[in-house]
Amino acid sequence: MKVLLLNGSSRPQGCTYTALRVIADSLEATGIESEILFLGNEPVRDCTACGTCGKLPGRCVFDDDIVNRLIEKAREADGFVFGSPVYYAHPSGRILSVLDRAFYAGKDAFVHKPAAAIASARRAGTTATLDVLQKYFTISQMPVVASTYWTMVHGAKPEDVLQDAQGLQTMRNLAGNLARILKCTALATA
(Lines give C-alpha, C1' and ligand atoms only; values in the text may rest on other atoms or scores of the structure.)
Protein backbone atom coordinates (compact mmCIF):
# COMPACT_ATOMS: atom_id res chain seq x y z
CA MET A 1 0.00 0.00 0.00
CA LYS A 2 1.16 3.49 -0.80
CA VAL A 3 0.00 6.99 0.11
CA LEU A 4 0.90 9.98 -2.03
CA LEU A 5 1.21 13.23 -0.06
CA LEU A 6 1.15 16.50 -2.02
CA ASN A 7 3.08 19.50 -0.74
CA GLY A 8 1.18 22.48 -2.18
CA SER A 9 3.57 25.03 -0.71
CA SER A 10 6.21 26.80 -2.77
CA ARG A 11 8.66 26.04 0.06
CA PRO A 12 9.99 22.50 -0.29
CA GLN A 13 10.61 22.00 3.44
CA GLY A 14 8.44 24.60 5.12
CA CYS A 15 5.52 24.26 7.50
CA THR A 16 3.31 22.22 5.17
CA TYR A 17 6.14 19.77 4.51
CA THR A 18 6.76 19.47 8.26
CA ALA A 19 3.16 18.37 8.87
CA LEU A 20 3.22 16.01 5.87
CA ARG A 21 6.48 14.50 7.13
CA VAL A 22 4.82 13.67 10.47
CA ILE A 23 2.01 11.93 8.59
CA ALA A 24 4.43 10.08 6.30
CA ASP A 25 6.50 8.88 9.26
CA SER A 26 3.35 7.72 11.06
CA LEU A 27 2.13 5.85 7.98
CA GLU A 28 5.50 4.19 7.50
CA ALA A 29 5.43 3.06 11.15
CA THR A 30 2.24 1.09 10.28
CA GLY A 31 3.89 -0.51 7.24
CA ILE A 32 2.39 1.80 4.62
CA GLU A 33 4.75 3.29 2.05
CA SER A 34 4.53 7.03 1.49
CA GLU A 35 5.89 9.61 -0.90
CA ILE A 36 5.80 13.38 -0.51
CA LEU A 37 5.49 15.05 -3.90
CA PHE A 38 6.60 18.68 -3.92
CA LEU A 39 4.60 20.59 -6.51
CA GLY A 40 7.52 22.91 -7.10
CA ASN A 41 7.93 26.65 -6.93
CA GLU A 42 7.90 27.48 -10.62
CA PRO A 43 4.78 29.08 -12.12
CA VAL A 44 2.00 26.58 -12.83
CA ARG A 45 -0.60 27.39 -15.46
CA ASP A 46 -4.21 26.82 -14.61
CA CYS A 47 -6.78 24.82 -16.53
CA THR A 48 -8.07 26.66 -19.58
CA ALA A 49 -11.02 24.26 -20.16
CA CYS A 50 -9.66 23.53 -23.63
CA GLY A 51 -11.06 19.98 -23.46
CA THR A 52 -8.01 18.47 -25.12
CA CYS A 53 -7.55 16.06 -22.21
CA GLY A 54 -10.77 14.42 -23.43
CA LYS A 55 -8.84 13.44 -26.54
CA LEU A 56 -5.73 12.50 -24.53
CA PRO A 57 -7.32 10.39 -21.80
CA GLY A 58 -5.44 10.62 -18.55
CA ARG A 59 -3.15 13.43 -19.67
CA CYS A 60 -3.18 17.19 -19.63
CA VAL A 61 -2.15 18.85 -22.88
CA PHE A 62 0.04 21.28 -20.92
CA ASP A 63 2.94 18.97 -20.16
CA ASP A 64 4.70 21.06 -17.53
CA ASP A 65 6.15 18.05 -15.69
CA ILE A 66 4.00 18.24 -12.56
CA VAL A 67 0.38 17.52 -13.52
CA ASN A 68 0.94 14.48 -15.73
CA ARG A 69 3.51 13.15 -13.28
CA LEU A 70 0.93 13.56 -10.49
CA ILE A 71 -1.68 11.64 -12.52
CA GLU A 72 0.81 8.81 -13.13
CA LYS A 73 1.71 8.65 -9.44
CA ALA A 74 -1.98 8.82 -8.47
CA ARG A 75 -2.66 5.70 -10.51
CA GLU A 76 -0.13 3.82 -8.35
CA ALA A 77 -1.30 5.29 -5.03
CA ASP A 78 -3.90 3.76 -2.73
CA GLY A 79 -4.61 6.98 -0.80
CA PHE A 80 -3.76 10.65 -0.64
CA VAL A 81 -3.04 13.58 1.65
CA PHE A 82 -3.16 17.04 0.09
CA GLY A 83 -1.36 19.73 2.07
CA SER A 84 -1.46 23.46 1.52
CA PRO A 85 -0.39 26.59 3.32
CA VAL A 86 -3.04 29.24 3.80
CA TYR A 87 -2.73 32.21 1.45
CA TYR A 88 -5.34 34.90 1.98
CA ALA A 89 -7.71 32.45 3.72
CA HIS A 90 -7.61 29.78 0.99
CA PRO A 91 -5.24 27.13 -0.42
CA SER A 92 -2.24 28.11 -2.46
CA GLY A 93 -2.97 28.92 -6.09
CA ARG A 94 -0.31 26.36 -6.97
CA ILE A 95 -2.18 23.40 -5.51
CA LEU A 96 -5.50 24.58 -6.94
CA SER A 97 -4.09 24.91 -10.47
CA VAL A 98 -2.46 21.49 -10.25
CA LEU A 99 -5.54 19.79 -8.80
CA ASP A 100 -7.94 21.41 -11.27
CA ARG A 101 -5.90 20.08 -14.17
CA ALA A 102 -5.11 16.68 -12.62
CA PHE A 103 -8.70 15.95 -11.65
CA TYR A 104 -10.05 17.17 -14.97
CA ALA A 105 -7.58 15.13 -17.04
CA GLY A 106 -7.08 12.12 -14.76
CA LYS A 107 -10.04 11.87 -12.40
CA ASP A 108 -10.14 8.07 -12.77
CA ALA A 109 -6.76 7.88 -11.02
CA PHE A 110 -8.33 9.30 -7.85
CA VAL A 111 -11.88 7.88 -7.76
CA HIS A 112 -12.77 5.75 -4.72
CA LYS A 113 -9.38 6.18 -3.06
CA PRO A 114 -9.38 7.62 0.48
CA ALA A 115 -7.94 11.09 0.94
CA ALA A 116 -7.33 13.76 3.53
CA ALA A 117 -6.51 17.44 3.41
CA ILE A 118 -4.29 19.37 5.78
CA ALA A 119 -3.68 23.09 6.14
CA SER A 120 -0.77 25.02 7.56
CA ALA A 121 -1.22 28.58 8.77
CA ARG A 122 0.31 31.17 10.98
CA ARG A 123 -3.08 31.95 12.51
CA ALA A 124 -6.31 31.54 10.53
CA GLY A 125 -7.92 30.63 7.21
CA THR A 126 -7.45 26.93 7.72
CA THR A 127 -11.08 25.78 7.69
CA ALA A 128 -11.75 27.52 4.38
CA THR A 129 -8.60 25.91 2.96
CA LEU A 130 -9.69 22.45 4.12
CA ASP A 131 -13.16 22.98 2.70
CA VAL A 132 -11.83 23.83 -0.76
CA LEU A 133 -9.41 20.90 -0.86
CA GLN A 134 -12.01 18.39 0.34
CA LYS A 135 -14.33 19.29 -2.50
CA TYR A 136 -11.98 17.50 -4.90
CA PHE A 137 -12.56 14.35 -2.85
CA THR A 138 -16.32 14.56 -2.58
CA ILE A 139 -16.80 15.40 -6.26
CA SER A 140 -14.61 12.40 -7.16
CA GLN A 141 -16.27 9.83 -4.87
CA MET A 142 -13.24 9.65 -2.60
CA PRO A 143 -13.78 8.72 1.05
CA VAL A 144 -12.70 11.67 3.21
CA VAL A 145 -10.41 10.66 6.07
CA ALA A 146 -10.92 12.53 9.32
CA SER A 147 -8.90 12.96 12.48
CA THR A 148 -9.69 13.89 16.05
CA TYR A 149 -9.68 17.62 15.33
CA TRP A 150 -9.40 19.88 12.31
CA THR A 151 -6.43 18.76 10.26
CA MET A 152 -4.28 21.83 10.62
CA VAL A 153 -1.00 22.95 12.08
CA HIS A 154 0.01 26.44 13.11
CA GLY A 155 3.31 28.24 12.86
CA ALA A 156 5.24 30.77 10.82
CA LYS A 157 8.21 28.43 10.34
CA PRO A 158 8.82 24.68 10.64
CA GLU A 159 10.20 25.04 14.17
CA ASP A 160 6.88 26.60 15.23
CA VAL A 161 4.93 23.71 13.71
CA LEU A 162 7.06 21.27 15.68
CA GLN A 163 5.89 23.10 18.83
CA ASP A 164 2.20 22.72 17.91
CA ALA A 165 1.58 19.60 20.02
CA GLN A 166 -2.15 19.42 19.27
CA GLY A 167 -1.61 19.91 15.55
CA LEU A 168 1.07 17.22 15.41
CA GLN A 169 -1.10 14.77 17.35
CA THR A 170 -3.93 15.48 14.92
CA MET A 171 -1.56 14.64 12.03
CA ARG A 172 -0.58 11.35 13.70
CA ASN A 173 -4.23 10.48 14.35
CA LEU A 174 -5.04 11.27 10.73
CA ALA A 175 -2.29 8.92 9.58
CA GLY A 176 -3.64 6.19 11.86
CA ASN A 177 -7.16 6.60 10.48
CA LEU A 178 -5.92 6.56 6.89
CA ALA A 179 -3.88 3.42 7.61
CA ARG A 180 -6.95 1.68 9.07
CA ILE A 181 -9.11 2.60 6.09
CA LEU A 182 -6.48 1.37 3.63
CA LYS A 183 -6.00 -1.91 5.49
CA CYS A 184 -9.78 -2.49 5.77
CA THR A 185 -10.18 -1.77 2.06
CA ALA A 186 -7.40 -4.21 1.23
CA LEU A 187 -9.08 -6.92 3.31
CA ALA A 188 -12.47 -6.25 1.73
CA THR A 189 -11.12 -6.52 -1.80
CA ALA A 190 -8.84 -9.54 -1.17
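Author: Thr18 has its place in helix α1, where helices (H or I, at least four residues) and strands (E, at least two) are DSSP runs numbered from the N terminus. The model is a predicted one, in which local features need pLDDT of at least 70, side-chain atom pairs count only at pLDDT 80 or more, and totals for chains, interfaces and linings use all residues. Residues are numbered from 1 along each chain as its sequence is written, and side-chain values use heavy atoms, with hydrogens and water left out.

Thr18 counts as buried because its relative accessibility is 9%; buried means under 20% relative accessible area, exposed over 50%, and partly exposed in between, with a 1.4 Å probe and protein chains only. When neighbours within four places in sequence are set aside, Thr18 is in contact (heavy atoms within 4.5 Å) with Gln13, Pro158, Val161 and Leu162.

Two packed helices are described by the angle between their axes and the distance between the axes. Helix α1 (residues 15-29) and helix α6 (residues 165-189) have axes that come within 8 Å and cross at roughly 40 degrees. Therefore α1 is oblique to α6. Here axes are lines fitted to C-alpha atoms, for helices over the stretch in contact, and angles run from 0 to 180 degrees between N-to-C directions. Angles under 35 degrees count as roughly parallel, over 145 as roughly antiparallel, 65 to 115 as roughly perpendicular and the rest as oblique. The crossing of α1 and α6 is right-handed, a term for a near helix turned clockwise from the far one by less than a right angle, anticlockwise being left-handed.

On the α1 side, the residues that meet α6 are Ala19, Val22, Ile23, Ser26 and Leu27. Their partners in α6 are Leu168, Met171, Arg172, Leu174, Ala175, Leu178 and Ala179. By class, the contact of α1 with α6 has 10 nonpolar, 1 polar and 1 charged residues. Ala, Val, Leu, Ile, Met, Phe, Trp, Tyr, Cys and Pro count as nonpolar, Asp, Glu, Lys and Arg as charged, and the others, Gly among them, as polar.

The axes of α2 and α3 are 9 Å apart, and the two helices pack at an angle of about 55 degrees. That is why α2 is oblique to α3. The crossing of α2 past α3 is right-handed. Val67, Leu70 and Ile71 of α2 make the contact with Val98, Leu99, Arg101, Ala102, Ala105 and Gly106 of α3. By class, this contact of α2 with α3 has 7 nonpolar, 1 polar and 1 charged residues.

Helix α3 (residues 93-106) is mostly covered, with 11 of its 14 residues buried. Among those buried are Arg94, Ile95, Leu96, Ser97 and Phe103. The buried residues of α3 pack against α2 (67-76), β1 (2-7), β3 (79-87), β4 (90-91) and α4.

Gln134 is found in helix α4 (residues 126-139). Its relative accessibility is 25%, so Gln134 counts as partly exposed. Gln134 touches Ala117 and Val144, not counting residues up to four places away in sequence.

Technical notes: The expected span of a helix is 1.5 Å times one less than its number of residues.
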